[in-house]
Structure formats: C-alpha cells, structure tokens
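User: I have a model open and would like to go through it with you. Could we take it piece by piece?

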Amino acid sequence: METEEIKVLLADDHPTVLSGLEHVLQSRRAVRVAGKASSATALWDLLASQPCDVLVSDYSMPGCESGDGAAMFERLRRLYPTLGIVVLTMMDNALVVRSLRGLGIHCILSKSDAIEHLLPALYAARAKTPYYSPAVERLLEADGPAQPAAKRALTAREAEVVRLFVAGLTVNDIAAKLKRSKQTISTQKASAMRKLGAERDADLLLLFKS
C-alpha cells in the first residue's frame, strides 16, 4: 500500500496545525510534504507551481478572493479535477459536510478527532474513496434520511450563504466577505430558503443552528 510516494500539500492558517500535520507525515517514507500554505493566496500559488497528489486543507482559509469554504473548494474541484482533497475542519455543521459531498469531496476529518486518521484519509483521497473521521461520521448519521431531501439540493454557493447567515453574518456582511453583490447574496439566500421550505429567517436558524 505504501510503495508509491504520495505528494501532499498542506493548507491551514494556524502555524501549529501545519507543523503538527507535517510532523506526522514526515515519519512516513511513502509520503512527501511538497509544500505548505497559510493563506488561500499562497495555496493557489503553490498549486500552480507544485504538482501534488493530495491536498489537505482547512475548510476556511483567509485571503480567498472567490470566497471561503464551499466556494474555494468548488473552484479547486473545477481547476484541479483529479486532485485528491482531504478537508480538515473544526466545524460541526451538517450543512458544511453536505456542501463538500455535493462537490465530490468525500474525505473529511474533524480537528477534534485523533491525528491518526490523517494517513488513511490521504490514501482514500488518492484512491477517490470516502473517508470520514468519527466525529464526521456521527454528524452524517445524525443528519441521515430523516433530514429533508431539499437540503441536499442546495448549490455550493447557496449552502455557503446559509452557513454564514446561520453563523450570525448579515446579508451585507456576507456580500462583503464573499465579494459578491448584496442582490446576489439576497437571491441565493432566498433560493435556499425556498428549497428548504423556510418562510422566515427564524425557520432557517431552526433548521441549521445546533
């Protein structure tokens, strides 16, 4: 299983997290850390100059002109369709996991779980097979078939707008953060609410605030 070297890029805006990930992977002869990035801008530069097999990235990265979270990973999927991706996140919102899975990203680790899950996630991402750490598995189980099917129909951008709104940002805040117009954000929020059957903002909060 470990005969072929895996070239990995690491992206996280916390230096201690980057160092910890690198330390774990350096002990594996079949894994080579080809580069590290602490911002979205640095990540795009790194991807353009350094070929790799798998990217391990935090969900939210500062300095992303196209937006953070789902929008960043949507762009990654579009520009690098063969790249294996492992998302490492502290978020415990099922909406985040659904938006990633909707983009075809199925290797997701919670930072609350043991770092030992990183290596099998790397191999799974390269092989294009799913891997979820225990906390993410529990989130998926809790979000199972009882959840409305409409939630799974949100686009990546609609899901991102809802995630930020539920986190407490206003429409103006979201527009500024994602560098989209206020009208675009309002339209995406309204579209998401229709799909979810939410008539009021309070309904949206009840659906996702947990």
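User: Where is Arg180 found?
Analyst: This is a predicted model. In it, Arg180 is found in the loop between helix H8 (171-178) and helix H9 (182-196).

User: Is Arg180 buried or exposed?
Analyst: Arg180 counts as buried, because its relative accessibility is 11% and the cut-off for buried is under 20%.

User: And which residues does Arg180 touch?
Analyst: Leaving aside residues up to four places away in sequence, Arg180 touches Ala71, Arg157, Glu160, Val161, Ala175, Ile185 and Gln188.

User: Ala175 and Ile185 are on that list. Which residues of H8 and H9 meet each other?
Analyst: From H8, the residues are Val171, Asn172, Ile174, Ala175 and Leu178. They meet Lys182, Ile185, Ser186 and Lys189 of H9. By class, this contact has five nonpolar, two polar and two charged residues.

User: At what angle do the axes of H8 and H9 cross?
Analyst: The two axes cross at roughly 115 degrees and come within 9 Å. H8 is therefore roughly perpendicular to H9. The crossing of H8 and H9 is right-handed.

User: Let us change topic to the sheet. What is the strand order?
Analyst: The order is E2-E1-E3-E4-E5-E6, in an open sheet of six strands with parallel pairing.

User: Which strands stand at the edges?
Analyst: Strand E2 (31-37) and strand E6 (131-132) do. Each has a single partner strand, so one side of each is left without a neighbour in the sheet.

User: How many bridges are there between E4 and E5?
Analyst: Strand E4 (residues 84-89) pairs with strand E5 (residues 107-110) over three bridges, in the parallel sense. As one instance of bridge partners, Leu88 has Leu109 in E5.

User: Which strands does helix H2 lie across?
Analyst: Helix H2 (residues 40-49) lies across strand E1 (6-11), E2 and strand E3 (54-58). H2 runs at about 135 degrees to E2, which makes the angle between them oblique.

User: Now the whole chain. How many helices and strands does it have?
Analyst: The protein chain has ten helices and six strands.

User: What percentage of the residues count as buried?
Analyst: Of the 210 residues in the protein chain, 50% count as buried.

User: And what share of the contacts comes from residues 24 or more positions apart?
Analyst: Taking contacts in the protein chain with a separation of 6 or more, residues 24 or more positions apart account for 63%.

Conventions
Residues numbered from 1 in each chain as written. Predicted model: local features only at pLDDT ≥ 70, side-chain atom pairs only at ≥ 80, totals over all residues. Heavy atoms only, no water. Pairing = 2+ DSSP bridges. Helix = DSSP H or I, 4+ residues; strand = E, 2+ residues; numbered from the N terminus. Contact = heavy atoms within 4.5 Å. Axes fitted to C-alpha atoms, helices over the stretch in contact; angles between N-to-C directions. Buried < 20%, exposed > 50% of the residue type's maximum accessible area, 1.4 Å probe, protein only. Parallel < 35°, antiparallel > 145°, perpendicular 65-115°, else oblique. Left-handed = near helix turned anticlockwise from the far one by under 90°. Nonpolar A, V, L, I, M, F, W, Y, C, P; charged D, E, K, R; others polar.
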